[in-house]
Structure formats: structure tokens, C-alpha cells
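Dear colleague,

Please find the structure below, handed over for your use.

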Amino acid sequence: MKDFHSLLVCRRSIRRYTPEPIAPEHVKLILEAGLLAPTSKSSRPWQFIAVEDKEMLEKLAACKPAGAAPIAGCALAIVVAVDQAKSDPWIEDASIAAAYMQLQAADLGLGSCWIQVRGRFTADNIPSEEYVAEQLGIPEEYPVVCILTFGHKNEDRKCVDTSKLLWEKVHIGSWKPAQ
């Protein structure tokens, strides 16, 4: 990507991937981006589980009835779990790390998509967090926040039209009601 602003404008959620694997050095860079993410009080409460096994990706795609299908078709999924005892803002810490990994993937020309797990349920009404934890052997004290999918893009998405940004949602100095 030529610059960070262009990366932000053109990074879009990608849900369809080619079967091509991701180069190991790119997987390392994506994981490193997550490890570089800032956390409250430098607590680093997150844990990342990188999954490339197709059979496991299929199982993880069953974590909820809608919106998880990209997991089955991606080359790499990274499950973001967190030790809530290490940080009060554990959701924020995990979310920032996940976003860093997505931005790194975009910089590498790869696609990614956030699959929400926390607060969701399987088709059998099992909490998605519990389902994913059971599949991967994640201890109970590490709730799963999300699963990130990564892969080589098999769809084209247009960049955001910045002329349509909602500037009316920006307030300077204090809250100003919409006119």
C-alpha cells in the first residue's frame, strides 16, 4: 500500500478467498502485528491461536449459524482469546490487537474479516465462545472475542468513498446537536 490513509480507505472485509496458502513470513508478520498492539498497563492479556488445518476451519465455521462461513474458506484463521483477569479493558485490548492484524494483512495485499464470537451462539444455542474453546482446547478463563479470517482475495471490493463519510458525527470541543 502506498500510504496508511490509502490502506484505511481501501481495506474492506473480505469473505471469499482463493485456496492459495499464506506465506509463512506473512503469517509471522500478521501475528507480530497483534503482539505489537498496545494494551492497558502493558498487560498483554491476549492469546492468539493460528489455525490453518482445513478440517478445524470447517469446525470453527459452525460457531454460529450466520456470518461464520468465511472461516471454512480461508487459508488462516486467528482466534483471539483473552485473560480477563489481567486487564479491565480486555475487550478493547483484544480488539486493538485484532485490528492491528487486519491492517497488517491489508498492507500485505491479503484479505481479512472479523467474525464476532463473544455474545453469539451456535445453531444449537451453545455460546459460540464455549464452542470455539472446546474445539481448540482453550482454557475457560480465556474467553474468545473473535475469529479473524485471512487469505488471498477472491473478490473485489471498492474503496470507501470518502465524500460519504459521516462528518456530522464529529464534534469539536463539545457535543453539537445536528442541524
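The buried residues of α5 are W90, D93, A94, A97, A98, M101, Q102, Q104, A105 and A106. Here buried means under 20% relative accessible area, exposed means over 50%, and partly exposed lies in between, with a 1.4 Å probe and protein chains only. Helices (H or I, at least four residues) and strands (E, at least two) are DSSP runs, numbered from the N terminus.

Please note that this is a predicted model, in which local features need pLDDT of at least 70 and side-chain atom pairs count only at pLDDT 80 or more, while totals for chains, interfaces and linings use all residues. Residues are numbered from 1 along each chain as its sequence is written, and side-chain values use heavy atoms, with hydrogens and water left out.

Helix α5 has 18 residues and reaches 26 Å from its first C-alpha to its last, close to the 26 Å expected at 1.5 Å a residue. The expected span is 1.5 Å times one less than the number of residues. The cover over the buried residues of α5 includes α1 (4–10), α2, β1, β2, β3 (111–116) and β4; contact here means heavy atoms within 4.5 Å. After α5 comes G109, which has a positive phi near 85°.

An α-helix has 3.6 residues a turn, so residues three or four places apart point the same way.

The axes of α2 and α5 come within 7 Å and cross at roughly 145°. These axes are lines fitted to C-alpha atoms, for helices over the stretch in contact, and angles run from 0 to 180 degrees between N-to-C directions. On the α2 side, the contact is made by L29, I30, L31, A33, G34 and L36, and on the α5 side by A97, Y100, M101, Q104 and A105. These residues divide into nine nonpolar, two polar and no charged. Ala, Val, Leu, Ile, Met, Phe, Trp, Tyr, Cys and Pro count as nonpolar, Asp, Glu, Lys and Arg as charged, and the others, Gly among them, as polar.

**Individual residues**

L136 is placed in helix α6 (residues 128–136) and, at 22% relative accessibility, counts as partly exposed. Leaving aside neighbours within four places in sequence, L136 is in contact with I49, V51, M56, L60 and V79. L136 and L60 are 76 residues apart in sequence and 9.1 Å apart in space, C-alpha to C-alpha.

K41, in the loop between α2 and β1, has a positive phi near 55° and is exposed, with a relative accessible area of 81%. N125, in the loop between β3 and α6, has a positive phi of about 65° and is exposed at 59%.

With kind regards
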